[in-house]
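User: I have a new chain open and would like to walk through it with you. Could we start with the core and then look at a few residues?

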Amino acid sequence: MSLALPGRCLLAWLLLPGAAWAAVPAPPASLPTVVSEARRALSLDLERSQIGFEVRSRLGQRIEGVFPHFEGRVEVLSDGRHQVHLKMFTRTVEIPGKERYTGWMRGPEFFDAGHYPFVEFDSLPYWPETVERGGEIEGRLTLRGVSHPESLKVEKAECARPGYDCDVVSRGTVQRGRYGMDSWQLALSDRVTFVLRARLSEAAKP
């Protein structure tokens, strides 16, 4: 799959120095309080899980990146609901095969890995049927020191034991301008889509 950006015009935009910015954290929106205690935790299988992201140019070209290093767990709460916690490390984020774009993604105009070494998503509790049937998982995304409520849209599972016999596939689209990533608005869309393909490392409980 080619990740090249089309045309000299777009490349010129990517090589321009970004305008100065100051990421001002928005006041945190209220989210319901979690009252159930975790009964046990399931870890993501780091070898078989993948976390990446997509951003499109204004000409419609899709640019795909990956987080080679990440952590994740699913807590099973005492009332039977689940809660997911994800941490993605920005210092190793990359656009495969595109060294220049990789440097830009790690730089101050996008993830700013020097100041903000990870991106985090902490979900609200959800019922496990959401993973089986598909649906939305609400939570809070923290990116570049700014937090906003966001959601993951989970695709309907393709097997009876999602996370063990098949991937749990989910996507979450955010507006990068809300997190201070507002450079090159004429070249790139404001939307960034995070893509998670998750497998669990612990054996399924009977």
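User: Which residues touch the most other members in the largest nonpolar core?

Analyst: First, a caution: this is a predicted model, in which local features need pLDDT of at least 70 and side-chain atom pairs count only at pLDDT 80 or more, while totals for chains, interfaces and linings use all residues. Residues are numbered from 1 along each chain as its sequence is written, and side-chain values use heavy atoms, with hydrogens and water left out. Of the 43 residues in that core, the ones touching the most other members are Phe53, Phe67, Met105, Phe111, Leu141, Val192 and Phe194. A nonpolar core here is a set of buried Ala, Val, Leu, Ile, Met, Phe, Trp, Tyr and Cys residues joined through side-chain atoms within 4.5 Å, and buried means under 20% relative accessible area with a 1.4 Å probe, protein chains only.

User: Which element gives the largest share of this core?

Analyst: That is E10, with five residues; helices (H or I, at least four residues) and strands (E, at least two) are DSSP runs numbered from the N terminus.

User: And what does Val192 touch?

Analyst: Leaving out residues up to four places away in sequence, Val192 has contacts (heavy atoms within 4.5 Å) with Phe53, Glu54, Val55, Phe110, Gly172, Thr173, Val174, Arg176 and Met181.

User: Switching topic, how do E2 and E3 pair?

Analyst: Strand E2 (residues 50–57) and strand E3 (residues 62–66) pair in the antiparallel sense over five bridges, where pairing requires that DSSP finds at least two bridges. Gly52 stands opposite Val66 in E3, and in the hairpin, which has four residues between the strands, Gly60 takes a positive phi near 95 degrees.

User: Last one: why does Leu86 count as buried?

Analyst: Leu86, which is found in strand E5 (residues 82–89), counts as buried because its relative accessibility is 7%. Among the residues that Leu86 touches beyond four places in sequence are Leu44, Val119, Phe121 and Leu196; Leu44 is 42 residues from Leu86 in sequence and 9.3 Å from Leu86 in space, C-alpha to C-alpha.

Technical notes: Buried means under 20% relative accessible area, exposed over 50%, partly exposed in between (1.4 Å probe, protein chains only).
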